[in-house]
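Please look at the sequence and the 3D structure below before reading on. The report that follows is written for a reader who is new to protein structures.

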Amino acid sequence: PMMALALGDKAPLRFLQNGKAVKPVDAQWMDFCGKAMMIPGGDSYACEVERVGEQVGAKKATSPLSEAARGYQQKLEQHVAEMIEAGHLAPLFYIYGGIGSTWFSHFYWAGSPELAQTLSAAYPYLSPPLRKKAKDYLKAEWKLNPPFQISPQTYRTGATRTPYEFPWDDITRNLDYAVSRDRAFRQGNFLHDLYGVEKYYALTGEKPDPALREKAVAAVRELLDNQDWAICGPVRIREAKDVHSVFYYTLQGAATYNRWLAGAIGFTRLAERFDWEGDKALGRYLVAKLALARIAHARCLAEMYRSGMLRGDAKDDNRTLLHIDSECAVIGRGPLAMVVHQNQEIPPFYDLTEEVGRLLGRFARGECKIYLDHLDYSMPLWYLSEAPKQSATEQRLCPLQHHSGNVLAQSWVLGKRGRDFARYVDTTRFKGDLYYLQNLAAAIEAFQ
């Protein structure tokens with residue numbers, strides 16, 4: 001059903017039966033799992049996803065720096081230099097629900113792959129002296145905080161990223177709980193780290209040891225074994241101890257597939273860069289499945305309105321904005337337990353990467369535009385990374401990460417260029433703000 005949703009306009013799909021090309025028939029019916037389509041005259045078929053290489057390849061051409069982008073380049077230089085000068089930085093501990101409890105809190109920038117991803121984007125626009133320092137800084141961080149390893153010390157060592165001090169006496173009683181929750185979340189999403197891991201080896205020229213390959217393949221196999229590929233709905237099937245761990249350790253809907261698809265792309269590039277025989281095809285296989293799932297997520301709720309299953313206008317439905325049906329947000333495994341968090345906003349461009357953004361721009365631009373137009377409508381004159389929730393029943397700010405891809409989507413999904421895009425790049429109050437650095441690099445590219 002979800003593959004039928006992805007079929008849509010221009011989807012790179014080809015169906016075969018007994019070696020001959022066939023076309024699926026639309027049954028003119030759908031439900032929350034997706035559309036009903038069929039291949040008549042048989043009980044099996046093959047599906048080929050074309051142009052997967054366009055997602056995996058991607059060597060970008062560089063061009064001279066535009067004079068109009070000079071100011072953004074100077075800001076990028078300044079903020080990268082400040083980060084390097086500060087030395088090792090502790091993860092940002094951010095409370096968005098009120099001091100006194102860490103229940104509503106997140107840690108940001110706790111992994112070296114995140115740093116590698118950001119510095120890879122910034123690197124072409126740094127001055128030669130700063131390039132060398134940035135590469136040395138990344139190598140030092142990689143040794144101090146290697147990928148696929150999360151230690152409690154990760155959260156307790158390093159310079160502060162904030163210009164102010166937290167009232168530690170008020171929040172210490174729950175800090176260990178916040179650390180354990182974040183560690184479990186990161187350990188459950190090692191697949192996503194592979195995107196940054198590949199960026200590290202591409203930037204430094206180093207080679208991974210065999211142990212990294214084993215961990216990478218294990219992360220891919222875990223997803224392939226545990227995911228329901230028939231519906232690929234807004235769910236992630238995994239073991240969880242309680243409903244809270246399901247919610248906090250597991251991303252929902254489109255946000256999950258942004259991360260998984262980025263990780264699959266990173267895995268495939270690693271396999272091809274270092275000639276991991278057998279794993280190249282495995283990587284492309286996973287990229288193909290996840291690409292279709294991500295397109296389907298963007299189209300699902302809007303297609304319900306187009307088909308007449310839901311009445312009204314898709315743009316007025318919050319589920320359409322978020323690319324998720326909140327009534328079936330997360331499912332835990334064995335026995336199945338439905339967990340519904342209708343007051344939580346998990347936006348569709350959470351942790352967006354360029355490859356995923358351009359995929360959506362090609363195959364689901366209109367559906368993505370609904371959400372981005374809504375942001376323009378609700379925040380016409382400013383675009384801060386911290387903003388009130390658009391849909392929650394509780395009055396609080398969103399976690400920073402929820403807005404991490406909203407700016408980048410304006411360029412990668414909608415294709416805005418020059419000042420039409422750069423006006424969304426705001427400012428930051430954090431040292432080593434990797435989201436802000438990515439936005440600055442994208443602004444420079446928007447003038448190329």
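**The model and the chain**

This is a predicted model, in which local features need pLDDT of at least 70 and side-chain atom pairs count only at pLDDT 80 or more, while totals for chains, interfaces and linings use all residues. Residues are numbered from 1 along each chain as its sequence is written, and side-chain values use heavy atoms, with hydrogens and water left out.

The chain contains 18 helices and 9 strands, where helices (H or I, at least four residues) and strands (E, at least two) are DSSP runs numbered from the N terminus. Of its 448 residues, 57% count as buried; buried means under 20% relative accessible area, exposed means over 50%, and partly exposed lies in between, with a 1.4 Å probe and protein chains only. Contact means heavy atoms within 4.5 Å, and among the contacts in the chain with a separation of 6 or more, 75% join residues 24 or more positions apart.

In soluble globular proteins, nonpolar side chains tend to be buried together. A nonpolar core is here a set of buried Ala, Val, Leu, Ile, Met, Phe, Trp, Tyr and Cys residues joined through side-chain atoms within 4.5 Å. The largest such core has 114 residues, and those with the most contacts inside it are L76, L290, F349 and L360. Helix α12 provides the largest share of this core, 15 residues. Not counting residues up to four places away in sequence, F349 touches a list of residues that includes N258, R294, L360, Y371 and V413. A second, separate core of 11 residues includes F93, A110, Y155 and V179.

**A pocket and a cavity**

Rolling a probe the size of a water molecule over the atoms shows where empty space is left. On a 1 Å grid over the protein atoms alone, a cavity is a set of points where a 1.4 Å probe fits but cannot get out, whereas a pocket is an open set with protein on both sides within 12 Å along at least five of seven lines, and lining residues have an atom within 4 Å of a point. Grid points are joined across faces, edges and corners, and a volume is the space filled by probe spheres set on the points. By this rule there are 6 cavities of 30 Å³ or more.

| Space | Volume | Lining residues by class |
|---|---|---|
| Second largest pocket | About 570 Å³ | 22 nonpolar, no polar, 2 charged |
| Largest cavity | About 330 Å³ | 13 nonpolar, 11 polar, 5 charged |

For these classes, Ala, Val, Leu, Ile, Met, Phe, Trp, Tyr, Cys and Pro count as nonpolar, Asp, Glu, Lys and Arg as charged, and the others, Gly among them, as polar.

The second largest pocket is lined by 24 residues, of which M3, F15, Y45, C47 and L292 lie nearest its centre. The elements that give two or more residues to this lining are α1 (2-7), β4 (34-38), β5 (46-49) and α12 (279-307), and the largest share, 5 residues, comes from α12.

Of the 29 residues that line the largest cavity, E114, R186, H192, D193 and R259 are the closest to its centre. Helix α4 gives the most to this lining, with 5 residues.

L126 is found in the loop between α4 and α5 and counts as buried at 4% relative accessibility. Leaving out residues up to four places away in sequence, L126 touches L76, E77, V80, R131 and A134.

**H79 and T428**

Where does H79 lie? H79 lies in helix α3, and T428 is found in the loop between α17 (418-422) and α18. H79 is buried, with a relative accessible area of 18%, and T428 is buried, also with a relative accessible area of 18%. These two residues are 349 residues apart in sequence and 9.9 Å apart in space, C-alpha to C-alpha. Leaving aside its neighbours within four places in sequence, H79 is in contact with T428, Y436 and L437.
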